[in-house]
Amino acid sequence: MKNLLKKNISYNLFLIIYVIAIIIPSMVILTKENAVIDIALSFGLLILMVWYACDKRRQTASDWGISNIYTRNEELRFFMDIHRMHYWNEVDILLVYHPAEFLSHNIDELSVMAKIGAKIRILLMDPESQYISCLEEHLHMKKGEYAFYALQLQNWAKKIAESPECIECNIEIKFFDDFPPDNMFRAHDKLFSYSNKMGTGSKDVLTYVYEKDSKGYERQKKLYDYFWQESVSYKKEITMAMIDNFRYHSTNNVLSYKF
């Protein structure tokens, strides 16, 4: 959102400089007798152009329900920490990019949600998918790393279900074999969507936050529901035999969670 605001300010500043430096002098030179009227009309035109640009951007953000656009992980985590009380009803997760980072930041919170009865649906790519090798190479992951975290998430769900604190656990994990979509995290009235960080040339990535009942929210939710269909995704037991370099991944595992 900050980047959008800066871009908007730069655009408006350009319009002001253009009118003052080019349009007004030209009109004064051409029509000296009506210079005051021309200047007034120029400023009127400027105001209309600025208003139109701002209103169009505001309307687009409003229609799609974009409440925030985060560029840094710290900003996103701060937002989620403040609004975590919104997240106790139902959670949808589509996890393709950077599973280790997402899980290390959110696994404890997800554990609490699961134990108090939140409905949690998790979609992962099939570790045996034709796209996994390309995905791991693109993300600079070690071979077998995505499968390792799929197994970790599967074991986490089983441990939570066996926990005496879990009165009514409702965690479902399904897999799909399709071209990798964006990551998605829907928590009741907020929906986060972001893709791969590696393509940005930095550790940060654009994360879009959509409000419930908006065009953006409903579009992303429909996409998730499409992938959740039985004709698209399926349940699967992940085993150690599916994981290349299991010993290496277990030694360098960054994921820890409490039960």
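**View 1. The open sheet of eight strands in a predicted model.** The strand order is β1-β7-β6-β5-β2-β3-β4-β8, and the pairing is mixed. Strands pair here if DSSP finds at least two bridges between them. At the edges are β1 (66-70) and β8 (233-234), each of which pairs on one side only. The protein has eight helices and eight strands. Helices (H or I, at least four residues) and strands (E, at least two) are DSSP runs, numbered from the N terminus. Residues are numbered from 1 along each chain as its sequence is written. The model is predicted, so local features need pLDDT of at least 70 and side-chain atom pairs count only at pLDDT 80 or more, while totals for chains, interfaces and linings use all residues; side-chain values use heavy atoms, with hydrogens and water left out.

**View 2. Strand β2 and its partners β3 and β5.** Strand β2 (residues 90-95) runs antiparallel to β5 (residues 183-187), and four bridges join the two. Within this pairing, L94 has M184 of β5 as its bridge partner. The pairing of β2 with β3 is parallel, with six bridges. There, I93 is bridged to I122 of β3. Six of the seven residues of β3 are buried (under 20% relative accessible area; exposed is over 50%, partly exposed in between; 1.4 Å probe, protein chains only).

**View 3. Helices α4 and α6 on the sheet.** Helix α4 (residues 99-115) lies across β2, β3 (119-125), β4 (170-176), β5 and β6 (190-194), and runs at about 160 degrees to β2. Helix α6 (residues 145-162) also packs on the sheet, where it touches β2, β3 and β4; its direction makes about 160 degrees with that of β4. Axes are lines fitted to C-alpha atoms, for helices over the stretch in contact, and angles run from 0 to 180 degrees between N-to-C directions. Contact means heavy atoms within 4.5 Å.

**View 4. Helix α7 and its buried face.** Buried in α7 are G216, Y217, Q220, Y224, F227 and W228. These buried residues line one face of the helix, because they fall within an arc of 110 degrees seen down the axis of α7. The arc is that of the directions from the helix axis to the C-beta atoms. An α-helix has 3.6 residues a turn, so residues three or four places apart point the same way.

View 5. G117 is in the loop between α4 and β3, and is partly exposed at 34% relative accessibility. G117 and N170 are 53 residues apart in sequence, yet 6.6 Å apart in space from C-alpha to C-alpha. H140, in the loop between α5 (132-138) and α6, has a positive phi of about 60 degrees although it is not a glycine. At 63% relative accessibility, H140 is exposed. N245, in the loop between β8 and α8 (246-251), is also not a glycine and has a positive phi near 60 degrees. The relative accessible area of N245 is 46%, which makes it partly exposed.

View 6. The average pLDDT (the predictor's confidence in each residue, from 0 to 100) is 77, and 63% of the residues score at least 70. Over residues 1-7 the pLDDT stays under 50, and the model has eight contacts for them beyond four places in sequence.
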